[in-house]
Amino acid sequence: MTDLRPSPRVYGLDTLRALAVSFVVLHHYTLFVGSDDTFGWVGRIGWVGVDLFFALSGYLIGNQIFAAMRTPQGLSLGRFYARRLLRTLPNFYAVLALYYLWPGFRAGQPLLPVWEFLTFTQNINLQPGSAFSHAWSLCIEEQFYLLLPACALTIAALGGRRGSSLRWAWGAIAFIVIAGMLVRGVLWQELVDGAARPLNDYYKYIYYSSLCRLDELVAGVALALLKNYHADLWQRLTAHAHTALAAGIALTALTFYLFLADHYGFAMTVFGYPMLALGFALLIVAALGDGVLRRTRIPGAGKLALWSYAIYLTHKQVCILLAEPLAARGFDADSAVAIGVSMLLSVLSGWVLFRLVETPFMMLRDRYLPSNLRAPAALSAQPR
(Lines give C-alpha, C1' and ligand atoms only; values in the text may rest on other atoms or scores of the structure.)
Protein backbone atom coordinates (compact mmCIF):
# COMPACT_ATOMS: atom_id res chain seq x y z
CA MET A 1 0.00 0.00 0.00
CA THR A 2 1.29 3.43 -0.93
CA ASP A 3 1.30 6.07 1.80
CA LEU A 4 -0.18 9.17 0.20
CA ARG A 5 0.13 11.44 3.22
CA PRO A 6 2.28 14.53 2.70
CA SER A 7 5.92 13.73 3.38
CA PRO A 8 8.09 15.98 5.57
CA ARG A 9 9.60 18.88 3.64
CA VAL A 10 13.09 18.27 2.32
CA TYR A 11 15.01 21.38 3.28
CA GLY A 12 17.61 20.74 0.60
CA LEU A 13 15.03 20.90 -2.20
CA ASP A 14 13.58 24.09 -0.69
CA THR A 15 17.07 25.58 -0.70
CA LEU A 16 17.64 24.68 -4.35
CA ARG A 17 14.26 26.02 -5.42
CA ALA A 18 14.78 29.25 -3.51
CA LEU A 19 18.23 29.57 -5.07
CA ALA A 20 16.75 29.02 -8.54
CA VAL A 21 14.14 31.76 -8.24
CA SER A 22 16.68 34.14 -6.67
CA PHE A 23 19.06 33.60 -9.58
CA VAL A 24 16.32 34.29 -12.12
CA VAL A 25 15.08 37.45 -10.38
CA LEU A 26 18.59 38.89 -10.15
CA HIS A 27 19.30 38.02 -13.78
CA HIS A 28 16.13 39.64 -15.08
CA TYR A 29 16.78 42.74 -13.00
CA THR A 30 20.29 42.92 -14.48
CA LEU A 31 18.97 42.35 -17.99
CA PHE A 32 15.91 44.61 -18.06
CA VAL A 33 16.50 47.24 -15.37
CA GLY A 34 20.08 47.45 -14.12
CA SER A 35 23.45 46.83 -15.72
CA ASP A 36 26.03 44.07 -15.95
CA ASP A 37 27.62 45.36 -12.75
CA THR A 38 24.44 45.46 -10.65
CA PHE A 39 24.96 41.99 -9.15
CA GLY A 40 28.26 41.11 -10.81
CA TRP A 41 28.68 37.59 -12.18
CA VAL A 42 25.60 36.38 -10.27
CA GLY A 43 23.33 38.64 -12.30
CA ARG A 44 24.99 37.65 -15.57
CA ILE A 45 24.81 33.89 -14.94
CA GLY A 46 21.41 34.02 -13.21
CA TRP A 47 19.62 32.57 -16.24
CA VAL A 48 20.78 29.14 -15.01
CA GLY A 49 18.04 29.39 -12.37
CA VAL A 50 15.63 28.25 -15.08
CA ASP A 51 17.82 25.21 -15.74
CA LEU A 52 17.82 24.39 -12.03
CA PHE A 53 14.02 24.62 -12.08
CA PHE A 54 14.02 22.22 -15.04
CA ALA A 55 16.17 19.68 -13.18
CA LEU A 56 13.97 19.90 -10.09
CA SER A 57 10.80 19.53 -12.17
CA GLY A 58 12.23 16.53 -13.99
CA TYR A 59 12.97 14.78 -10.71
CA LEU A 60 9.75 15.72 -8.88
CA ILE A 61 7.38 14.95 -11.76
CA GLY A 62 9.30 11.84 -12.77
CA ASN A 63 9.18 10.60 -9.19
CA GLN A 64 5.41 11.12 -9.03
CA ILE A 65 4.89 9.21 -12.26
CA PHE A 66 7.20 6.28 -11.51
CA ALA A 67 5.98 5.94 -7.93
CA ALA A 68 2.37 5.76 -9.17
CA MET A 69 3.28 3.24 -11.88
CA ARG A 70 4.74 0.91 -9.24
CA THR A 71 1.51 0.76 -7.20
CA PRO A 72 -1.27 -1.82 -7.76
CA GLN A 73 -3.61 0.96 -8.93
CA GLY A 74 -1.17 2.37 -11.45
CA LEU A 75 -0.86 5.85 -12.93
CA SER A 76 -4.00 7.63 -14.10
CA LEU A 77 -3.18 9.92 -17.02
CA GLY A 78 -6.40 11.86 -16.50
CA ARG A 79 -5.69 12.51 -12.83
CA PHE A 80 -2.07 13.38 -13.51
CA TYR A 81 -2.95 15.91 -16.19
CA ALA A 82 -5.78 17.39 -14.13
CA ARG A 83 -3.51 17.81 -11.10
CA ARG A 84 -0.78 19.46 -13.18
CA LEU A 85 -3.22 21.82 -14.87
CA LEU A 86 -4.68 22.87 -11.53
CA ARG A 87 -1.15 23.50 -10.31
CA THR A 88 0.13 25.54 -13.25
CA LEU A 89 -2.73 27.11 -15.20
CA PRO A 90 -4.57 29.33 -12.67
CA ASN A 91 -1.49 31.45 -11.87
CA PHE A 92 -0.47 31.52 -15.51
CA TYR A 93 -3.90 32.61 -16.73
CA ALA A 94 -4.16 35.28 -14.03
CA VAL A 95 -0.88 36.88 -15.08
CA LEU A 96 -1.67 36.43 -18.77
CA ALA A 97 -4.91 38.35 -18.21
CA LEU A 98 -2.93 41.25 -16.72
CA TYR A 99 -0.84 41.50 -19.87
CA TYR A 100 -3.85 41.47 -22.21
CA LEU A 101 -6.40 43.43 -20.17
CA TRP A 102 -4.10 46.08 -18.68
CA PRO A 103 -2.03 47.70 -21.47
CA GLY A 104 0.08 49.63 -18.96
CA PHE A 105 1.31 46.37 -17.47
CA ARG A 106 3.18 45.60 -20.72
CA ALA A 107 5.32 48.75 -20.38
CA GLY A 108 5.23 49.29 -24.13
CA GLN A 109 6.49 45.83 -25.06
CA PRO A 110 4.84 44.02 -28.01
CA LEU A 111 2.57 41.12 -27.09
CA LEU A 112 2.30 37.88 -29.06
CA PRO A 113 -1.09 36.44 -30.12
CA VAL A 114 -2.90 34.92 -27.16
CA TRP A 115 -3.25 31.51 -28.84
CA GLU A 116 0.52 31.03 -28.63
CA PHE A 117 0.33 31.30 -24.84
CA LEU A 118 -2.82 29.21 -24.54
CA THR A 119 -1.32 26.38 -26.60
CA PHE A 120 2.08 26.68 -24.88
CA THR A 121 3.84 27.16 -28.21
CA GLN A 122 5.01 30.73 -27.50
CA ASN A 123 8.62 29.54 -27.14
CA ILE A 124 8.81 28.26 -30.72
CA ASN A 125 10.91 30.68 -32.83
CA LEU A 126 10.40 33.29 -30.12
CA GLN A 127 11.90 36.70 -30.87
CA PRO A 128 13.58 38.26 -27.82
CA GLY A 129 12.03 41.43 -26.47
CA SER A 130 8.32 40.66 -26.39
CA ALA A 131 6.09 41.03 -23.33
CA PHE A 132 5.84 38.00 -21.03
CA SER A 133 8.77 36.45 -22.89
CA HIS A 134 9.86 34.54 -19.80
CA ALA A 135 6.82 32.29 -20.28
CA TRP A 136 9.03 30.35 -22.72
CA SER A 137 10.22 28.12 -19.88
CA LEU A 138 6.64 27.41 -18.80
CA CYS A 139 5.86 26.32 -22.35
CA ILE A 140 8.70 23.80 -22.26
CA GLU A 141 7.61 22.51 -18.86
CA GLU A 142 3.98 22.10 -20.00
CA GLN A 143 5.14 20.24 -23.10
CA PHE A 144 7.23 18.04 -20.80
CA TYR A 145 4.26 17.42 -18.46
CA LEU A 146 2.17 16.40 -21.45
CA LEU A 147 4.68 13.96 -22.96
CA LEU A 148 6.49 12.33 -20.03
CA PRO A 149 3.67 10.25 -18.49
CA ALA A 150 2.43 9.11 -21.88
CA CYS A 151 5.97 8.12 -22.88
CA ALA A 152 6.51 6.32 -19.57
CA LEU A 153 3.35 4.25 -19.97
CA THR A 154 4.15 3.53 -23.63
CA ILE A 155 7.66 2.32 -22.77
CA ALA A 156 6.27 0.15 -19.98
CA ALA A 157 3.73 -1.39 -22.37
CA LEU A 158 6.18 -1.93 -25.22
CA GLY A 159 8.97 -3.19 -22.99
CA GLY A 160 6.92 -5.96 -21.48
CA ARG A 161 9.21 -7.27 -18.76
CA ARG A 162 10.55 -4.82 -16.22
CA GLY A 163 14.18 -5.21 -17.29
CA SER A 164 13.32 -4.59 -20.92
CA SER A 165 11.26 -1.52 -20.04
CA LEU A 166 14.12 -0.08 -18.02
CA ARG A 167 16.53 -0.56 -20.90
CA TRP A 168 14.10 1.29 -23.16
CA ALA A 169 13.76 4.08 -20.59
CA TRP A 170 17.51 4.56 -20.16
CA GLY A 171 17.95 4.36 -23.91
CA ALA A 172 15.38 7.13 -24.37
CA ILE A 173 17.18 9.35 -21.85
CA ALA A 174 20.54 8.78 -23.53
CA PHE A 175 19.01 9.45 -26.95
CA ILE A 176 17.51 12.77 -25.79
CA VAL A 177 20.81 13.98 -24.33
CA ILE A 178 22.84 13.00 -27.41
CA ALA A 179 20.20 14.33 -29.81
CA GLY A 180 20.11 17.63 -27.92
CA MET A 181 23.86 18.09 -28.36
CA LEU A 182 23.65 17.23 -32.06
CA VAL A 183 20.68 19.52 -32.69
CA ARG A 184 22.30 22.46 -30.89
CA GLY A 185 25.53 21.92 -32.80
CA VAL A 186 23.80 21.86 -36.19
CA LEU A 187 21.59 24.86 -35.38
CA TRP A 188 24.59 26.85 -34.17
CA GLN A 189 26.52 26.16 -37.37
CA GLU A 190 23.59 26.70 -39.72
CA LEU A 191 21.65 29.56 -38.09
CA VAL A 192 23.92 31.35 -35.62
CA ASP A 193 27.50 31.25 -36.88
CA GLY A 194 27.93 34.06 -39.39
CA ALA A 195 24.33 35.32 -39.03
CA ALA A 196 23.56 39.03 -39.33
CA ARG A 197 22.16 38.99 -35.77
CA PRO A 198 23.84 36.01 -34.11
CA LEU A 199 22.73 36.81 -30.55
CA ASN A 200 19.10 37.21 -31.58
CA ASP A 201 19.19 33.98 -33.58
CA TYR A 202 20.90 32.11 -30.74
CA TYR A 203 17.98 32.86 -28.44
CA LYS A 204 15.35 32.35 -31.13
CA TYR A 205 16.53 28.99 -32.44
CA ILE A 206 18.53 27.47 -29.55
CA TYR A 207 17.97 29.03 -26.13
CA TYR A 208 14.15 29.07 -26.31
CA SER A 209 13.84 25.81 -28.25
CA SER A 210 12.19 22.81 -26.62
CA LEU A 211 14.46 20.34 -28.41
CA CYS A 212 17.56 22.20 -27.24
CA ARG A 213 16.62 22.62 -23.58
CA LEU A 214 15.65 19.13 -22.39
CA ASP A 215 19.01 18.26 -20.81
CA GLU A 216 18.16 19.28 -17.26
CA LEU A 217 14.63 17.88 -17.42
CA VAL A 218 15.81 14.42 -18.45
CA ALA A 219 18.61 14.59 -15.87
CA GLY A 220 15.91 14.97 -13.22
CA VAL A 221 13.92 12.13 -14.77
CA ALA A 222 17.03 9.95 -14.63
CA LEU A 223 17.29 10.58 -10.88
CA ALA A 224 13.63 9.61 -10.43
CA LEU A 225 14.24 6.45 -12.46
CA LEU A 226 17.19 5.55 -10.25
CA LYS A 227 15.21 6.14 -7.07
CA ASN A 228 12.22 4.04 -8.10
CA TYR A 229 13.81 1.20 -10.07
CA HIS A 230 17.44 0.96 -8.91
CA ALA A 231 17.04 1.22 -5.16
CA ASP A 232 20.46 -0.19 -4.24
CA LEU A 233 22.31 2.24 -6.51
CA TRP A 234 20.14 5.10 -5.29
CA GLN A 235 20.93 4.29 -1.67
CA ARG A 236 24.65 4.23 -2.42
CA LEU A 237 24.43 7.59 -4.16
CA THR A 238 22.46 9.32 -1.44
CA ALA A 239 24.69 7.79 1.25
CA HIS A 240 27.51 9.92 -0.18
CA ALA A 241 25.57 13.17 -0.03
CA HIS A 242 28.59 15.28 0.92
CA THR A 243 30.61 13.89 -1.97
CA ALA A 244 27.71 14.65 -4.32
CA LEU A 245 27.46 18.16 -2.91
CA ALA A 246 31.17 18.85 -3.37
CA ALA A 247 31.15 17.40 -6.90
CA GLY A 248 27.98 19.30 -7.80
CA ILE A 249 29.35 22.62 -6.56
CA ALA A 250 32.67 22.05 -8.36
CA LEU A 251 31.04 21.12 -11.67
CA THR A 252 28.47 23.92 -11.61
CA ALA A 253 31.17 26.44 -10.67
CA LEU A 254 33.29 25.30 -13.61
CA THR A 255 30.28 25.44 -15.94
CA PHE A 256 29.36 28.93 -14.72
CA TYR A 257 32.92 30.08 -15.38
CA LEU A 258 32.93 28.65 -18.90
CA PHE A 259 29.52 30.11 -19.74
CA LEU A 260 30.58 33.53 -18.45
CA ALA A 261 33.67 33.32 -20.65
CA ASP A 262 31.89 32.18 -23.82
CA HIS A 263 28.14 31.72 -23.40
CA TYR A 264 27.31 31.75 -27.11
CA GLY A 265 30.28 29.81 -28.49
CA PHE A 266 30.01 26.43 -30.20
CA ALA A 267 31.58 24.33 -27.42
CA MET A 268 29.38 25.65 -24.62
CA THR A 269 26.30 25.56 -26.82
CA VAL A 270 26.85 21.84 -27.40
CA PHE A 271 28.33 20.68 -24.09
CA GLY A 272 27.47 23.42 -21.58
CA TYR A 273 23.86 22.39 -20.99
CA PRO A 274 24.68 18.71 -20.28
CA MET A 275 27.35 19.96 -17.87
CA LEU A 276 24.72 22.05 -16.08
CA ALA A 277 22.38 19.06 -16.05
CA LEU A 278 24.95 16.81 -14.40
CA GLY A 279 25.99 19.46 -11.88
CA PHE A 280 22.40 20.17 -10.86
CA ALA A 281 21.62 16.45 -10.70
CA LEU A 282 24.47 16.01 -8.22
CA LEU A 283 23.10 18.88 -6.12
CA ILE A 284 19.66 17.24 -6.08
CA VAL A 285 21.24 13.97 -4.95
CA ALA A 286 22.94 15.92 -2.16
CA ALA A 287 19.63 17.56 -1.23
CA LEU A 288 17.93 14.16 -0.98
CA GLY A 289 20.77 12.32 0.75
CA ASP A 290 21.61 12.26 4.43
CA GLY A 291 23.85 15.30 4.44
CA VAL A 292 24.14 18.92 5.41
CA LEU A 293 22.13 20.23 2.43
CA ARG A 294 19.11 18.12 3.31
CA ARG A 295 19.25 18.85 7.04
CA THR A 296 19.98 22.59 6.95
CA ARG A 297 16.94 24.81 7.15
CA ILE A 298 17.81 28.24 5.76
CA PRO A 299 15.48 30.97 7.12
CA GLY A 300 13.10 32.14 4.40
CA ALA A 301 14.09 29.48 1.87
CA GLY A 302 10.94 27.44 2.48
CA LYS A 303 8.69 30.43 1.82
CA LEU A 304 10.60 31.45 -1.30
CA ALA A 305 10.37 27.86 -2.54
CA LEU A 306 6.63 27.79 -1.86
CA TRP A 307 6.03 31.08 -3.67
CA SER A 308 8.65 30.53 -6.38
CA TYR A 309 6.25 29.82 -9.25
CA ALA A 310 4.17 32.90 -8.50
CA ILE A 311 7.27 35.05 -8.05
CA TYR A 312 8.65 33.82 -11.36
CA LEU A 313 5.49 34.88 -13.17
CA THR A 314 5.26 38.39 -11.71
CA HIS A 315 8.74 39.63 -10.80
CA LYS A 316 10.02 40.72 -14.20
CA GLN A 317 7.23 43.15 -14.98
CA VAL A 318 7.12 44.43 -11.41
CA CYS A 319 10.80 45.40 -11.64
CA ILE A 320 10.35 47.01 -15.06
CA LEU A 321 7.32 49.05 -13.94
CA LEU A 322 9.07 50.24 -10.78
CA ALA A 323 12.21 51.46 -12.55
CA GLU A 324 10.79 54.73 -13.93
CA PRO A 325 9.03 56.04 -10.79
CA LEU A 326 12.06 55.13 -8.66
CA ALA A 327 14.40 56.92 -11.06
CA ALA A 328 12.11 59.98 -11.00
CA ARG A 329 12.64 60.13 -7.24
CA GLY A 330 16.40 60.00 -7.65
CA PHE A 331 16.97 56.28 -7.12
CA ASP A 332 18.78 54.83 -10.13
CA ALA A 333 18.54 51.13 -10.91
CA ASP A 334 21.83 50.26 -9.21
CA SER A 335 21.01 52.03 -5.95
CA ALA A 336 20.35 50.04 -2.80
CA VAL A 337 16.91 51.61 -2.44
CA ALA A 338 15.80 50.72 -5.97
CA ILE A 339 17.12 47.18 -5.66
CA GLY A 340 15.58 46.70 -2.22
CA VAL A 341 12.16 48.03 -3.21
CA SER A 342 12.14 46.00 -6.43
CA MET A 343 13.10 42.77 -4.68
CA LEU A 344 10.60 43.33 -1.88
CA LEU A 345 7.70 44.06 -4.23
CA SER A 346 8.67 41.14 -6.48
CA VAL A 347 8.30 38.80 -3.54
CA LEU A 348 5.14 40.56 -2.35
CA SER A 349 3.49 40.32 -5.78
CA GLY A 350 4.30 36.62 -5.90
CA TRP A 351 2.87 36.13 -2.43
CA VAL A 352 -0.37 37.90 -3.40
CA LEU A 353 -0.73 35.70 -6.49
CA PHE A 354 0.03 32.63 -4.40
CA ARG A 355 -2.56 33.50 -1.76
CA LEU A 356 -5.36 34.72 -4.04
CA VAL A 357 -5.05 32.30 -6.96
CA GLU A 358 -2.71 29.38 -6.35
CA THR A 359 -3.84 28.44 -2.83
CA PRO A 360 -7.59 28.06 -3.57
CA PHE A 361 -6.89 25.85 -6.57
CA MET A 362 -4.44 23.74 -4.58
CA MET A 363 -7.16 23.23 -1.99
CA LEU A 364 -9.54 22.10 -4.73
CA ARG A 365 -6.92 19.75 -6.12
CA ASP A 366 -6.17 18.22 -2.73
CA ARG A 367 -9.87 17.72 -2.09
CA TYR A 368 -10.97 16.18 -5.38
CA LEU A 369 -7.72 14.82 -6.85
CA PRO A 370 -5.58 13.74 -3.91
CA SER A 371 -3.25 11.53 -5.96
CA ASN A 372 -2.15 10.47 -9.45
CA LEU A 373 -3.44 6.93 -8.94
CA ARG A 374 -6.21 5.36 -11.00
CA ALA A 375 -8.42 4.75 -7.97
CA PRO A 376 -8.99 6.97 -4.91
CA ALA A 377 -6.47 6.24 -2.20
CA ALA A 378 -9.19 5.23 0.24
CA LEU A 379 -10.16 2.23 -1.89
CA SER A 380 -6.74 0.66 -1.60
CA ALA A 381 -6.97 0.78 2.19
CA GLN A 382 -10.31 -1.07 2.45
CA PRO A 383 -10.17 -4.67 3.75
CA ARG A 384 -10.83 -7.40 1.20
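**Exercise 1. Glu-358 and its partner**

Work out whether Glu-358 is buried or exposed in this predicted model, and find which side chain meets Glu-358 in a salt bridge.

*Solution.* 
- Step 1: Start with the area. Glu-358 has a relative accessible area of 5%. Buried means under 20%, so Glu-358 is buried.
- Step 2: Now look for a partner.
- Step 3: The partner is Arg-87, and the salt bridge spans 3.2 Å from N to O.
- Step 4: Check the cover on Arg-87. Its relative accessibility is 21%, so Arg-87 counts as partly exposed.

**Exercise 2. A neighbour in the helix**

Decide whether Val-357 is buried or exposed, and state how far apart Val-357 and Asn-91 are in space.

*Solution.* 
- Step 1: Find Val-357 in helix α15.
- Step 2: Read its relative accessible area, 17%. This is under 20%, so Val-357 is buried.
- Step 3: Turn to Asn-91. Along the sequence, Val-357 and Asn-91 are 266 residues apart, while their C-alpha atoms are 6.1 Å apart in space.

**Exercise 3. Salt bridges across the chain**

Say how many salt bridges a search of the whole structure finds, and describe the one formed by Asp-51.

*Solution.* 
- Step 1: The search finds five salt bridges.
- Step 2: Asp-51 forms one of them with Arg-213, and their closest N and O atoms are 2.4 Å apart.
- Step 3: This pair links distant parts of the chain, 162 residues apart. Asp-51 sits in helix α3 (residues 48-69), and Arg-213 in the loop between α8 (198-207) and α9 (215-229).
- Step 4: Both Asp-51 and Arg-213 are buried.
- Step 5: Now try another pair. Arg-295 and Asp-290 meet through their side chains in a salt bridge of 3.0 Å, N to O. Asp-290 is exposed, with a relative accessible area of 59%.

**Exercise 4. A lysine without a salt bridge**

Find which side chain of opposite charge is nearest to Lys-316, and which side chain joins Lys-316 in a polar contact.

*Solution.* 
- Step 1: Locate Lys-316 in helix α14.
- Step 2: Lys-316 is buried yet has no salt bridge. Glu-116, the nearest side chain of opposite charge, is 14 Å away. A salt bridge needs the atoms within 4 Å.
- Step 3: Look for another kind of contact. The side chain of Ser-133 joins that of Lys-316 in a polar contact of 2.6 Å.

**Exercise 5. Patches on the surface**

Name the residues that form the nonpolar patch and those that gather in the patch of negative charge.

*Solution.* 
- Step 1: The nonpolar patch is formed by Leu-345, Leu-348, Trp-351, Val-352 and Leu-356, with about 430 Å² of accessible area together.
- Step 2: Take Leu-345 as an example. This residue lies in helix α15 and is partly exposed, at 31% relative accessibility.
- Step 3: In the patch of negative charge you will find Asp-36, Asp-37, Asp-332 and Asp-334.
- Step 4: Asp-332 is partly exposed, with a relative accessible area of 46%.

Technical notes
Residues are numbered from 1 along each chain as its sequence is written. This is a predicted model: local features need pLDDT of at least 70, side-chain atom pairs count only at pLDDT 80 or more; totals for chains, interfaces and linings use all residues. Side-chain values use heavy atoms; hydrogens and water are left out. Patches are made of residues with over 30% relative accessible area and no salt bridge: like charges are joined within 9 Å, nonpolar side chains (Val, Leu, Ile, Met, Phe, Trp, Tyr) within 5 Å. Accessible areas come from the Shrake-Rupley method with a 1.4 Å probe; for residues, only the protein chains shown count as cover. Lys and Arg count as positive and Asp and Glu as negative; His and the chain ends are not counted. The place of a charge is taken as NZ of Lys, CZ of Arg, CG of Asp or CD of Glu. Buried means under 20% relative accessible area, exposed over 50%, partly exposed in between (1.4 Å probe, protein chains only). Helices (H or I, at least four residues) and strands (E, at least two) are DSSP runs, numbered from the N terminus. A polar contact is a pair of N or O atoms within 3.5 Å; within protein, one must be able to donate a hydrogen and the other to accept it, and residues adjacent in sequence count only if both atoms are side-chain atoms.
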